[in-house]
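Subject: Structure for your review

Dear colleague,

Please find the structure below, handed over for your further work. My notes on what was found in it follow directly after.

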Amino acid sequence: MRRPFFLLLPLLTFALTLAAPPDKGLIINLDNGELCLNSLQCKSGCCHRRSGLSLARCAPKAAETQECSPKSIIGVYYKCVCESGLTCEADKSIVGSITNSNFGICVDPNAHVL
Amino acid sequence: MLGVWIFALFLLGTVRGDEVCYDRLGCFTNNIPWAGTAERPIARLPWTPGKINTRLLLYTRENPNNFQEITAINPSTILASNFKTNRKTRFITHGFVDKGEENWLHDMCKRMLQVEDVNCICVDWKGGSLCSYTQAANNIRVVGAEVAYFIDTLKDNYGYSAANVHFIGHSLGAHAAAETGRRVRGLARITGLDPAEPYFQSTPKEVRLDISDATFVDVIHTDAAPIIPNLGFGMSQAVGHLDFYPNGGEEMPGCQKNVISQIVDIDGIWEGTRDFVACNHLRSYKYYSDSILSQNGFIGYPSPTYESFKSGTGFPCPSGGCPRMGHYADNFHGVTTVSQKFYLNTGDAKEFSRWRYMVTVTISGSFSVRGYFNIALYGSNGVTRQHQIFKGSISPGKTYTAYIDVEADVGTLNKVKFLWNNNILNPLLPKFGAQTVTVQFGGDGTKSSFCGSETVREDILQTLNLC
């Protein structure tokens, strides 16, 4: 009964070590496309899911003129946060901030000055 | 123990001179070079056509979603189908442990039918692919012969010329296409999507895919690392008129994900498991599929090695232009009788298309600082993300050059934005800016220059307009 376990354990550890070369991680420093629970885990800084039921994966941040969400404490986004230097211009509502659906557009705050 | 194995291999190697003959298709031997050589130690004869059961599944604009099965053994099935002789015909076939009903073949057909009116035929030979590798590597000879027989039937019954035929084969399927090309002279084109390496690399050209198999042979290499010890399933050898090595041809971006993330794929567990087993190898048909809808997203640059490509060899395209990897490779006019190698970078997930630019930035500011800076491109068709140009010591007055592969076709450039950061608190509040930014597109060599006069604090975008 215990035998399969003995076999499985080294196999699993082998698979995990194979899957994790030194420069990347299983838990932090995740590449785009890897499963995540929070944006802090991703190299890109955005842990993205398509819908409430789908799994979250690391994804690139939104560029200017693309759809975005403002930074939230939830840490998982339906639309990624903007790249640095940009702000997500969105109509914020209380319901939106609870359901994480205050979507907006990335804009450059400096562009208005010109 | 090792001695026993060597002896067994030796025994297997000496069994030669066998031959099988099948009606319609002719005879198949396992003489040298088909077996008994260093590259092909184990001799196997191809299975019977009945057992391999090569099936032709036709999709056209009239039936893009459900195939019609056609066969040359019973030509009335061709007459009754939507096959039209005034259209080009493209065959697609799969490789080892795969089947013709697999989604990727049908998806490729659907994409083709979006851009052109063709007879798209998926060739299924799962009867001969789900077996030992050595057996499958010989079964493809029958598969190639079956397709050749079909083309011959078209020629006899309808006067349909082989010059209208394009055969796309993945892995072992690429060598099946080669067999068809050897039997039907004057095939317009064969596309090898990461042709299989074991039993084919370094073999004589009557065994493997080669320039002589069709008027035009183009190959995409995505898993060219050696089978031992890297488990690279594809050939590194250049075997076509044009050989493309996206991302260097050995390690594809997006294929180094951890086990769970790889298997639990966006496209489902099945796609994920396939990628877990052979991610690099399967990328070849994904790139091809994407290239159908993105005509300029896969420009290949001529270069002897990937390293020199990364440092700028072949950039921008020579006056004759560059070929496009994938579907539009046959638009290239510089085809010669020797293999030419082309390099490019792709994305890590679909859409895989990328546009390559050379960016040259001259920095202005007060003093040097260690950090990085990015450039984003703004054009008539859209914007790109910020791409890192340099990381290290940023000094005012210095010029930095980098090649970037951007994810969008932005069209005619009208401005760029510069942003720098060094991820630490800067009590001196240093300011940097880009004096001049020159951006050159690799595809046609067009250059645009942008000028800026201001400097900005970290994490603030500086806009540069055309000058």
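The contact between the chains draws on 26 residues from chain A and 21 residues from chain B. Please bear in mind that this is a predicted model.

The interface

Chain A and chain B bury about 1900 Å² between them, and carbon and sulfur atoms give 52% of that area. Ten residue pairs are in polar contact between chain A and chain B, both residues of each pair being at pLDDT 80 or more. On the side of chain A that touches chain B, the residues divide into eleven nonpolar, seven polar and eight charged. Two salt bridges are counted between chain A and chain B. In one of these, the side chain of Lys417(B) meets that of Glu64(A), with an N to O distance of 3.0 Å.

Over all chains, the count comes to 30 salt bridges. Several of those in chain B are described here.

Lys84(B) and Glu62(B) form a salt bridge through their side chains, at 3.7 Å from N to O. This pair links distant parts of the chain, 22 residues apart: Lys84(B) sits in the loop between α3 (76-80) and β5 (88-93), and Glu62(B) in the loop between β3 (55-59) and β4 (68-70). Lys84(B) has a relative accessibility of 35% and therefore counts as partly exposed; Glu62(B), at 43%, also counts as partly exposed.

Glu116(B) and Arg90(B) form a salt bridge in which the closest N and O atoms are 2.8 Å apart. Because Glu116(B) lies in the loop between α4 (103-115) and β6 (118-124) and Arg90(B) in strand β5, the pair ties together parts of chain B that are 26 residues apart in sequence. Are these two residues buried or exposed? Glu116(B) counts as buried, with a relative accessibility of 17%, and Arg90(B) counts as buried at 6%, the cut-off for buried being under 20%.

The salt bridge between Asp152(B) and Lys155(B) has its closest N and O atoms 3.8 Å apart. Both residues belong to helix α6 (residues 133-158) of chain B, and because they are three residues apart, about one helical turn separates them. Asp152(B) is partly exposed at 29% relative accessibility, and Lys155(B) is partly exposed at 37%.

Finally, a network of salt bridges links Arg55(B), Glu69(B), Glu101(B), Asp124(B) and Lys126(B).

With kind regards

Notes: Residues numbered from 1 in each chain as written. Chains lettered and ligands numbered in written order. Predicted model: local features only at pLDDT ≥ 70, side-chain atom pairs only at ≥ 80, totals over all residues. Heavy atoms only, no water. Salt bridge = Lys/Arg side-chain N within 4 Å of Asp/Glu carboxyl O. Helix = DSSP H or I, 4+ residues; strand = E, 2+ residues; numbered from the N terminus. Buried < 20%, exposed > 50% of the residue type's maximum accessible area, 1.4 Å probe, protein only. Contact = heavy atoms within 4.5 Å. Buried area = accessible area lost by both parts, 1.4 Å probe. Polar contact = N/O pair within 3.5 Å; in protein donor to acceptor, adjacent residues only side chain to side chain. Nonpolar A, V, L, I, M, F, W, Y, C, P; charged D, E, K, R; others polar.
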